[in-house]
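Morning, everyone. Please look at the model on the screen.

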Number of protein chains: 2
Amino acid sequence: MSHSNKIEIVAADQNAVNGGTSSDRQNGENRNIELAAVYVSDAQYNRNICFSTSPQGIRLYKFYIHSCMRIIILFFIFVDLALAIFEEPAIFPFPLWANFVIEVTCLVAFTARLIHYAKVIPWSNFWKDPKNICIIVVIFLTLLDMIIYGILTEMHLYCVRWSRVLRPLLLVNITESRQLRRAFRSIRNALPHVLYVFFLFMFSVLMFSLMALKLFGKRGLVTSEGRAYFTDYLDIVFDLYVLVTTANSPDVMMPAYNYGIMFSVFFIIYIVINTYIFMSVFLAVVYNNYKKHLKEEVRQLVRAKRRNMVQAFRLLQEPRGDEPVVMRETWNRLVHAVQPGISAVHRELLWNVSDEHNRGYIGRPAFIQLADLLNIQVITLKSRIHPLQIYLPGIYNSAASRCTRCVVQHRFFVYVYDLIILVNAVFIGLDEENPFISYSEWVFLGLYLLEILLKLYAFEPRAFYARHQFWNWFDTIIIICALIATILNSALKSSSNYNSREILDIVFILRVLRLIRVVDSIKRFRAIINTLIKIGPTILTFGQLIIVIYYIFAMVGMELFKGTIQFFENGALKPGHEFCGNPLLNGSAFAKNNYCRNNFNNVISSFILLFELTVVNQWHVLASGFTTVTSNAARIYFVVFHIVVVIIIINIFVAFVLEAFFVEYNVSTSGLQTSLEKKIKELELGIDQDQLEGNLIENLETNDNDLGPSGEHKGKPSVMFTIASKRYRTIEALLQRMFEADLSPEDDADDEDHDNSLSPELSFPNPAFNTT
Amino acid sequence: MSHSNKIEIVAADQNAVNGGTSSDRQNGENRNIELAAVYVSDAQYNRNICFSTSPQGIRLYKFYIHSCMRIIILFFIFVDLALAIFEEPAIFPFPLWANFVIEVTCLVAFTARLIHYAKVIPWSNFWKDPKNICIIVVIFLTLLDMIIYGILTEMHLYCVRWSRVLRPLLLVNITESRQLRRAFRSIRNALPHVLYVFFLFMFSVLMFSLMALKLFGKRGLVTSEGRAYFTDYLDIVFDLYVLVTTANSPDVMMPAYNYGIMFSVFFIIYIVINTYIFMSVFLAVVYNNYKKHLKEEVRQLVRAKRRNMVQAFRLLQEPRGDEPVVMRETWNRLVHAVQPGISAVHRELLWNVSDEHNRGYIGRPAFIQLADLLNIQVITLKSRIHPLQIYLPGIYNSAASRCTRCVVQHRFFVYVYDLIILVNAVFIGLDEENPFISYSEWVFLGLYLLEILLKLYAFEPRAFYARHQFWNWFDTIIIICALIATILNSALKSSSNYNSREILDIVFILRVLRLIRVVDSIKRFRAIINTLIKIGPTILTFGQLIIVIYYIFAMVGMELFKGTIQFFENGALKPGHEFCGNPLLNGSAFAKNNYCRNNFNNVISSFILLFELTVVNQWHVLASGFTTVTSNAARIYFVVFHIVVVIIIINIFVAFVLEAFFVEYNVSTSGLQTSLEKKIKELELGIDQDQLEGNLIENLETNDNDLGPSGEHKGKPSVMFTIASKRYRTIEALLQRMFEADLSPEDDADDEDHDNSLSPELSFPNPAFNTT
């Protein structure tokens with residue numbers, strides 16, 4: 001901390017306003033900076049935990065939010081959820097005591113984390129929060145279930161480990177799963193509206209079923225499997241529900257259609273109304289309500305962020321004229337405390353954006369922007385000299401060397417390699433057992449290696465492997481892995497004549513992955529892929545959501561259906577092989593389609609089966625397999641799964657992708673980003689975006705840590721900036737961006753300690769920046 | 001026209017400003033009013049045809065746009081398209097000469113219409129319009145094709161009637177299909193953007209196929225049908241393309257999954273990337289671009305409308321002060337000329353909205369609103385006395401009568417009948433051959449009849465059967481039809497012991513339809529259904545679009561596949577019955593699933609088959625049936641159909657339903673509607689919306705035609721208004737509403753003869769109305 005002390009002394013010299021001994025004041029100031037840094041960091045990452053502001057409280061809180069603790073708790077949750085692999089019905093059976101030891105360890109970890117949390121926040125708040133109550137109840141119920149199960153198993157009585165269904169609740173309720181909870185909350189709030197549409201939809205299905213019963217029930221038609229067609233009302237309802245998902249189209253219609261061409265009209269009307277219209281209405285209603293509630297959530301988020309920033313401001317403010325301000329030195333120390341890794345130039349830039357008029361201090365509105373400013377990813381580019389330039393300047397600067405570098409940097413070089421990739425694709429498609437083809441593989445590998453070496457020669461290596469150079473990393477890793485795998489494969493083949501299929505599989509996958517590179521050289525494709533990558537983290541929230549839902553359904557499904565359907569590996573013709581080990585399935589569509597492996601006999605199979613159900617096609621055949629071996633009531637399980645996952649979750653997923661895509665497509669940059677970009681241009685520190693996008697970037701580096709003097713970049717600057725334009729540090733930033741247009745006015749209106757004279761300045765884009 | 005003359009005399013008295021003989025001036029004025037009325041009507045219905053303004057030109061134009069002419073031309077297009085039913089491969093074969101006579105008649109009608117159009121618009125404009133060129137070319141090609149076909153058929157040579165594919169182009173290019181053309185234009189403009197995503201998507205499919213070939217090709221796996229699994233690259237590409245549509249999930253994965261559980265990961269990643277992510281991106285890109293281009297179209301529409309209104313204004317304007325104005329009398333005559341059926345009170349109301357300050361004249365901005373004002377459906381309610389009240393006042397006002405009316409109007413009455421409907425539903429579900437059940441049917445019919453009679457007793461009959469009382473009409477028609485059908489059925493049964501299934505089918509359908517009424521008594525359901533009904537007309541545009549696409553594909557499909565697959569009715573075990581009359585299909589999935597009737601042997605079958613392909617499920621089985629009997633190249637036909645209809649058209653359909661739903665959900669009323677509503681309230685002519693919504697509406701009537709004096713509604717008014725709040729007269733009005741928020745500023749900016757001082761007033765919502 002020697003550097004930060006240095007700055008402080010300057011600060012003390014400049015504004016020795018207050019009295020008191022210097023060290024006392026300094027201590028107090030340090031504490032304030034520390035606390036303010038916590039507030040700013042909370043605002044930056046949208047944490048909203050009410051902690052004690054005593055020095056010990058701050059320390060406890062900082063420890064609580066430390067990323068190590070987060071990783072540990074997520075690890076324990078992962079272990080707890082993964083226990084399903086080792087518990088009956090298990091993939092790798094563990095003895096009961098081992099499972100119990102692991103689970104108790106996890107529970108202890110959760111309890112410890114909860115106690116830590118209880119110490120961080122006020123006692124009354126702790127009991128008011130349903131998250132904590134939920135975790136306590138889950139831990140208690142799990143222990144209870146373990147005891148009961150242990151005892152009953154000892155007595156050799158049948159028992160169900162029902163508390164396993166509750167495990168995903170732990171994942172939902174830990175502090176870190178804010179996004180997941182938000183998604184669940186939004187779904188819960190959208191439910192009432194969805195329910196009305198669902199009832200109307202079910203009414204329509206029931207009406208059509210009644211009509212179908214009356215129209216076809218007495219005609220004595222048979223299905224292609226020889227069963228009676230549309231004679232039982234409940235069966236018709238199920239069949240027509242399946243038809244909504246289109247899974248049994250056109251089979252369900254064929255007997256009626258064969259009987260008379262006009263009866264197809266019944267099914268066409270049914271599909272148009274229930275599949276096309278109602279499913280679109282579902283999407284519309286789910287989308288609309290989910291978005292509405294999400295917007296409300298984001299509004300609260302923005303409000304909480306502002307509250308945090310205001311608290312930080314209050315700690316650091318000093319009076320100057322009419323309004324309290326924060327001095328530059330205090331601000332510098334704060335930014336350094338919040339983000340110790342930030343470079344001095346980057347900090348300088350942020351200050352320049354905040355302090356538009358170069359007054360040496362900033363008011364509240366400019367200060368409040370800090371959290372958002374820190375969340376904008378700025379790439380710092382620094383001129384670097386190629387190592388060969390330093391160590392072998394004579395050779396590196398020779399005419400031949402220059403010519404090579406020129407060739408590598410030319411557009412033509414990229415085209416040549418695109419052509420090589422296409423030729424390679426053809427060679428991969430050919431039979432690899434031909435010796436000529438397998439020889440050519442070495443040629444291609446050599447060419448790719450040559451490409452990487454040439455590029456490393458032409459570009460500065462540290463810049464070439466900078467953090468945002470995704471494709472360079474991708475290329476190198478793929479090529480090196482392919483090289484290792486190919487060598488390993490050849491060695492095994494020549495030494496023992498043993499051709500390992502597993503290694504060969506990896507080699508093949510790597511070979512094909514190599515071809516993806518061709519996408520990167522087409523600009524339009526790159527744009528689409530970049531958009532997909534940008535909305536990736538948000539899609540992962542849905543991944544978590546899906547896992548929670550799948551886990552619960554898998555646990556229930558395993559208890560209901562485990563062991564009813566068997567799969568015999570390697571096509572061994574054991575007895576019962578042709579009907580999945582269950583005579584009830586003899587001759588059923590389930591067995592005929594070879595679906596035996598789609599069962600609930602372990603957690604992995606269950607997940608794959610649930611995925612197949614999510615894809616919807618043939619789900620009625622899968623469901624009918626399980627209803628045949630249990631009872632017709634099992635249909636409820638499958639229909640509920642369909643309603644929850646396909647109608648609600650997948651619709652929200654689609655809605656979210658749509659919304660995120662629209663934001664990426666239609667809005668260019670946010671107000672704050674615009675002002676930051678303007679500032680970069682003003683200071684002549686900007687770098688041409690094209691220079692970054694192409695493969696021609698020379699000598700750049702991200703995130704350097706030196707705190708050198710900031711005033712020295714004159715003439716051709718040695719450090720340059722660019723904004724990683726639409727990349728978001730946090731999912732909340734993307735969300736905030738999505739609703740930006742709708743949010744600003746209400747936030748200001750609802751600010752508790754709202755100052756009317758400041759209000760126009762609080763909204764983004766900040767009008768202060770528009771005066772230039 | 002005696003009334004309009006009366007008004008005119010008043011006008012002449014009030015502003016006798018200009019000189020000239022009265023009759024000359026009057027003639028000129030009449031012509032101006034007539035021309036202005038045409039302009040306003042064009043603006044109202046968004047017609048944009050440049051016609052000659054000579055008296056004869058106006059007459060020709062009015063004749064051209066007359067709804068009779070429209071119906072005639074649509075009838076001929078319908079006949080032309082319906083010819084496919086009678087041509088080879090025909091459902092009802094007609095002799096060739098008969099078909100030719102019909103087709104030539106249609107072509108003559110189209111030519112006559114085109115000549116009429118050529119006379120209406122300037123000659124140079126006629127040749128500049130691609131619509132006209134297209135119609136001429138289609139007519140010429142059709143004639144050519146008919147001649148060639150006629151000659152070749154006479155010579156007994158094989159020939160194809162290729163011009164049938166062009167027929168839908170006539171539907172697209174007639175003046176009346178503005179919406180259809182707009183949809184096609186928007187799709188065409190969105191295509192380039194969709195193509196990039198499509199290429200990337202195809203690239204991904206090709207890469208995964210290559211990987212699948214390498215991973216599974218050499219493992220010697222077999223499918224459940226015993227064929228080699230994933231050994232041919234092109235087959236893999238097709239199989240994986242089908243997997244994107246989920247139609248062969250999980251079958252295509254089972255051999256690999258059975259071989260090793262980890263291979264399922266390949267398919268899961270494939271489905272997540274290509275089905276979930278890429279299909280969502282398709283929806284997003286199609287939606288976004290379609291919407292963007294549609295918005296541009298709507299913007300031009302609004303501009304054209306304004307231009308029409310400005311032209312109308314110029315014809316009628318008179319100088320007053322600095323700005324030209326339109327006097328009240330001229331305006332009255334104009335409105336009467338535009339909409340002869342409008343009631344005087346309604347007209348009075350519109351004037352009051354336009355002339356906010358009661359000055360007796362209006363400026364340009366207020367005048368321009370007229371087209372939109374006329375497009376808002378205002379329901380005029382008029383107090384009416386029940387006929388029984390007039391003819392039998394003694395009985396009708398007696399205590400018993402009053403009590404009856406009170407009971408009928410009570411909420412409880414609705415509940416009782418809802419209960420009866422539910423009981424009826426159970427009875428319908430039971431076996432109707434039970435004599436007790438069939439007797440009960442008479443009881444229910446009696447109860448329903450009683451309900452209608454009671455309601456007619458309690459409510460004024462003309463109000464009960466007013467035009468917007470959809471459910472009352474629905475009830476009555478259903479009940480009367482059911483009564484007739486049931487009586488007919490009983491009569492047939494008792495007289496000849498013959499139980500006609502057709503009449504019984506109708507009876508059953510009517511019985512079930514009766515149950516739909518229960519929906520109307522639940523408010524939330526009614527709201528959803530009303531929204532669906534409102535967006536109905538727009539959905540019909542998509543219906544047209546689908547029919548055009550289907551027709552083209554059906555024509556091509558019939559030429560390619562007719563007769564290759566046969567269907568034998570009534571399960572007659574003729575030779576070849578088990579393999580659809582084509583030995584190549586022996587043992588195929590197509591034949592096993594009983595799909596023989598899904599063929600291209602006539603136009604109806606083709607349409608049903610194309611619908612099944614649109615629903616997607618099992619489309620690969622259908623496609624494989626046709627590839628088996630022809631060649632693998634037939635896959636191209638099915639894949640192209642899938643891309644065009646499912647990826648593009650259905651996505652646009654979903655997008656449109658979403659958008660229309662959001663408009664209905666989130667925006668309450670437009671600015672103009674708000675000001676109209678405000679005016680209605682101000683004048684104390686409003687009617688409570690609840691009163692309208694419930695079943696308790698008394699004494700109301702729409703659209704009465706009397707032109708009584710307008711100033712007499714004092715005290716409790718005898719005429720009341722309500723706005724049929726979100727019903728749109730034209731599809732364009734809905735479109736304009738959808739983009740209202742985005743449209744206003746640009747429209748003003750681009751107005752050619754733009755007056756800056758007026759511009760803020762031109763935008764909706766009109767700020768002039770916000771001053772109260």
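Start with A:Val286. Beyond its neighbours within four places in sequence, A:Val286 is in contact with A:Ala190, A:Val194, A:Ile648, A:Asn651, A:Ile652 and A:Ala655. Contact here means C-beta atoms, placed from the backbone, within 7 Å.

A word on the source. This is a predicted model: local features need pLDDT of at least 70, side-chain atom pairs count only at pLDDT 80 or more, and totals for chains, interfaces and linings use all residues. Residues are numbered from 1 along each chain as its sequence is written, with chains lettered from A and ligands numbered from 1 in the order written.

Now the core. The largest nonpolar core holds 200 residues, and A:Val286 is one of those touching the most other members, along with A:Leu240, A:Ala554, A:Val657, B:Val286 and B:Val657. Such a core joins buried Ala, Val, Leu, Ile, Met, Phe, Trp, Tyr and Cys residues through C-beta atoms within 7 Å. Buried means 20 or more other C-beta atoms within 10 Å of the residue's own.

Next, the interface. 64 residues of chain A are in contact with 64 residues of chain B. Elements giving two or more residues to chain A's side include helix H9 (178–216), helix H12 (263–316) and helix H31 (634–666) of chain A. Helices are DSSP runs (H or I, at least four residues), numbered from the N terminus.

Last, confidence. The predictor gives the complex an ipTM of 0.85 and a pTM of 0.84. Chain A has a mean pLDDT of 80, with 82% of its residues at 70 or more. pLDDT is the predictor's per-residue confidence, from 0 to 100. Over residues 745–772 of chain A, pLDDT stays under 50.

Methods. Buried ≥ 20, exposed ≤ 12 C-beta atoms within 10 Å, placed from the backbone. Contact = placed C-beta atoms within 7 Å.
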